[in-house]
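Let's take a walk through this protein together. Have the sequence and the 3D view ready, and follow along as we go from the overall layout to a couple of single residues.

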Amino acid sequence: MIERLLFLLCLTVTCPLSAQEQSIKEKMYLSAYEYVIKDSVNVDTQIYVIDSIVDLDRFWFIDLLKEYPKELELAKNHRQNKNFHWDENTYSPMLNSLFSEKNKGAHMFLMFSDIEDNMLVAENIIRKRRNGIWDPNTDISWISRFTQGYSYLFIFNDDGSIKDVFRQLINYD
């Protein structure tokens, strides 16, 4: 009986924290999205958000993180900590629910990484056309071939607000 009560007590204490963490993550993704669509390079551009978490690289930003020693060290070690293995894209119910309105005529794809250590990478890539029609293919290996876009590194405060953002022009292949 005591074990059961302790179990229920643990559930009631941890569940709100989990919901709060979920809420902060949602705030981070939404803030990043708002930042990207308002960025001067994306004005009047329609953007289609990919509904999967994509393993995006922080390496592009190492030279820009000198004012953030902790984040610089994490970015430097990101590849090594993953043993230089990139994870497969993972469908995200959260991203799908946050950005469920698909913009079929969008000119750009926006991909998000997972949020780790209060950092998030987002990449905005020009969408390809086939026979004059926007290609519906969202396979990351396909859409990132022979194109360019912008990569953003967001650093967040613990409350989910944006602390700083860095942007880099990326040329693929």
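Starting at the N terminus, the elements come in the order α-β-α-β-α-β-β-β-β-α-β-β. That gives four helices and eight strands. Keep in mind that this is a predicted model.

Now for the protein as a whole. It has 173 residues, and 38% of them are buried. If you take the contacts with a separation of 6 or more, 66% of them are between residues 24 or more positions apart.

Let's zoom in on serine 52, which sits in strand E1, residues 47–53. Is serine 52 buried or exposed? Its relative accessibility is 13%, and because buried means under 20%, serine 52 counts as buried. So what does serine 52 touch? Setting aside residues up to four places away in sequence, its partners are Asn89, Thr90, Tyr91, Ser92, Leu95 and Phe112. The side chain of serine 52 also has a polar contact of 3.5 Å with the side chain of aspartate 51.

Next, hop over to phenylalanine 166 in strand E8, which covers residues 162–171. Phenylalanine 166 has a relative accessible area of 13%, so it is buried by the under 20% cut-off. Beyond its neighbours within four places in sequence, phenylalanine 166 is in contact with Phe61, Leu64, Leu65, Tyr68, Ser151, Tyr152, Leu153 and Ile155. Look for phenylalanine 154 too: 12 residues separate it from phenylalanine 166 in sequence, and their C-alpha atoms are 6.7 Å apart in space.

Methods. Residues are numbered from 1 along each chain as its sequence is written. This is a predicted model: local features need pLDDT of at least 70, side-chain atom pairs count only at pLDDT 80 or more; totals for chains, interfaces and linings use all residues. Side-chain values use heavy atoms; hydrogens and water are left out. Helices (H or I, at least four residues) and strands (E, at least two) are DSSP runs, numbered from the N terminus. Buried means under 20% relative accessible area, exposed over 50%, partly exposed in between (1.4 Å probe, protein chains only). A polar contact is a pair of N or O atoms within 3.5 Å; within protein, one must be able to donate a hydrogen and the other to accept it, and residues adjacent in sequence count only if both atoms are side-chain atoms. Contact means heavy atoms within 4.5 Å.
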